[in-house]
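Hi,

Here is the structure I promised to pass on.

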Amino acid sequence: MAPLLSTFRKLRFLLLAALLLWVKTYIICKIFFRFKIENGTQELLLLFGPLSSILLFLGLALLWRSARAQWVIILSSILTLVLFANVIFYGFFDDFLTIPVLFQKSNMGDLMSSIRSLLHPYIVLLFLDIVLLLFVWRRRKGEDSLLLSGGEKACYFLAAALLFAVNLAIAESERPQLLTRSFDREMLVKNIGLFHYHAYDALLQSRSSAQRALADGSKLSEIQSYTASRRVQPDTNMFGAARGRNVILVSMESLQSFVLGKTVQEEPVTPFLNQWAKNSYYFSNMYQQTGQGKTSDAEFLIETSLYPLDRGSVFFTHAGNEYVAAPEILQRHGYYTAVLHANQKSFWNRDYMYPSLGFNRYFHDADYQITPETSAGWGLKDREFFQQSIRHLQSLPQPFYAKLITLSNHFPFELPKQDQLLPEYASTDRIFSRYMQTVRYMDEALRSFVEELKDAGLYENSVLVFYGDHYGISANHYQVVASYLQKPEIRPFDALQLQRVPFFVHIPGHKGKEVTAVAGQVDVKPTLLHVLGIVPKADLHFGRNLFAKEEKPLTVLRDGSFITSQYLYTAGTCYDKRTEQPVRHAACRPYLARAKKELAYSDRIVYGDLLRFLAGNEWKRKENQTQFHERRVK
Ligand code: GP9
Ligand code: MN
């Protein structure tokens, strides 16, 4: 007891500083940051999250040879400045600082003006604890020398690290894959605390900076010769079939192909899309190729025709890269480009990735009227979202490229009674039954959206491209999927076939047809550019134009599985698609090497930021970024 008391006495000053900073951080989180707190655990995480990082960081003072109390004050001031900077930044951008942001001149300019506008007298309260510490330190000079023995120091850091581990474990159980998926800054800050979040951000940043610095531009030519060798002859019928039209792209949340044409108690699950498939180019063998970045990975695939990464979301890890994305290409061809999505703008780091992809404008939650009545599950209901989006679309200069991202069909698939348009599918698996309901709801929302586009005069002069972003029903629910599809079980072969997502290219005036060739989300960009009649000066893509004939089509999924016209390869087994039975490995072998190569090449581009070396790609991204942020903050 006595040694503990003596250690405590030595640490008194440091613990006082930590306590003050901790309380201050919590108060600031409550007052300045608009966190959505859904339950008691989240409140506890918000409270305890910063503690371990404060102890670890202030603990650095123990490592100095002398004058440790002074170091405590200096370190505490640094953390206070971090808090202060975030308060200012959040007040203006509704977001937390990231390292790349600090180095963006355009943001700094905005920040300076926001500092001025946010400098209320009460902001000095932020520094009150520092003043108090200085006072205590002066009065007790020499007393709080913080001279700990080696063992005491080790115990101190061990305790702080243990606290962090417990915090992380609770955060992970509250939000699985918090760090690996790193989907939302707000979520990270809420769960691990602001200071740990900054340490994590610095880690991500240094890793990608190192990979970028080591990258070699000559690698790009090897990749270019590969993609050139894969180029197919353009189908002249469709080239420019939608030239000059607006592009309305819709990301259909969690929509899988297996529900199309299906019923629940004889009621169709997707009556509108069933019809839509008949008057569109409907690609019935399109596979989703996303990784952990889910919706954002689908967006990445569709707009860049590169593969997402095998861990994390490329939107998060490589938002500063140079790309040749569809919006950027279209912008160069006179298009105005916009995204519409009624969610928080920082989700999936979209507010930083979009300017890199070449978007002019992002309409996010602040641009929509979202009330409890118009919301369900993850936010604004799709019908309301589409309705309110019409006004935004009308405000855009034409031709425009607009991507609308739906939300209602998102796990856990919640809908109020009045929006449930389908009889319930009788199953003990509530998730699956609810999924069918939300799919039906989204289908209805799409129907009314098309009607509204017609009423607004936006239908005839547009091409409408709808795609499913990724699966909605995970392997945990395969038992009910098997019984719904009247299969004895879902084998790996079936699981891969369940990765199909619908893809439609609807050109008003065209009859359309079903295209059964194997396809992937990576093919959307070249297909779209083809119907728009655009041949970019500089480009690099792994996808292919789906309107052209390809002798040996190959669709590679992010986990290395692949599908060809004849074969399907997953979990190390090669299957014949016709018989659905395993065949000898040799049948898949020629494709296996190509699949691996393609993923490796794409990764190399992303990790090395290689497209900055692409000739003719000297686009003024920085300028675009400045304009984007200016527009964003209005
Ligand atoms: C969030 C929405 C859903 O804004 O796009 O993301 P998801 O969880 O499907 O990736
Ligand atoms: Mn999604």
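Which residues surround ligand 1? Before I get to that, please keep in mind that this is a predicted model. The residues around ligand 1 are E253, K294, T295, H341, N343, F347, W348, R350, W378, L407, H410 and H470.

Three of those side chains come up again when you look at polar atoms. N343 has a polar side-chain atom 2.6 Å from an oxygen atom of ligand 1. For W348, an N or O atom in the side chain is 3.0 Å from an oxygen of the ligand, and for H470 a polar side-chain atom sits 3.1 Å from a ligand oxygen. On its own, ligand 1 would expose 310 Å², and the protein buries 98% of that.

Now for the annotation. UniProt, in an unreviewed entry, places the feature "domain: Sulfatase N-terminal" at residues 245–534. In the model, that span is 34% helix and 17% strand, and its end C-alpha atoms lie 12 Å apart.

Is Q288 buried or exposed? Its relative accessibility is 6%, and buried means under 20%, so Q288 counts as buried. If you also pick out R68, you'll see that Q288 and R68 are 220 residues apart in sequence and 56 Å apart in space, going from C-alpha to C-alpha.

Two helices are worth a look as well.

Start with α6, residues 128–139. Its 12 residues, at 1.5 Å each, should span 16 Å, and the end C-alpha atoms are 17 Å apart, which agrees. Which of its residues are buried? They are D129, I130, L133 and W137. These cover an arc of only 100° around the axis, so they lie on the same side of α6. On the other side of this helix, L128, V131, F135, R138 and R139 are exposed.

Then there is α9, residues 185–192. Here 8 of the 8 residues are buried, so the helix is largely enclosed by the rest of the structure. Just after α9 comes G193, which takes a positive phi of about 90°.

That's what I have for now.

Cheers

Definitions and conventions
Residues are numbered from 1 along each chain as its sequence is written. Chains are lettered from A and ligands numbered from 1 in the order in which they are written. This is a predicted model: local features need pLDDT of at least 70, side-chain atom pairs count only at pLDDT 80 or more; totals for chains, interfaces and linings use all residues. Side-chain values use heavy atoms; hydrogens and water are left out. Helices (H or I, at least four residues) and strands (E, at least two) are DSSP runs, numbered from the N terminus. The expected span of a helix is 1.5 Å times one less than its number of residues. Buried means under 20% relative accessible area, exposed over 50%, partly exposed in between (1.4 Å probe, protein chains only). The arc is that of the directions from the helix axis to the C-beta atoms. UniProt positions are given in the numbering used here, feature names are shortened, and annotations may be inferred rather than shown by experiment. A residue is near a molecule or strand if one of its heavy atoms lies within 4 Å of it. A polar contact is a pair of N or O atoms within 3.5 Å; within protein, one must be able to donate a hydrogen and the other to accept it, and residues adjacent in sequence count only if both atoms are side-chain atoms. Accessible areas come from the Shrake-Rupley method with a 1.4 Å probe; for residues, only the protein chains shown count as cover.
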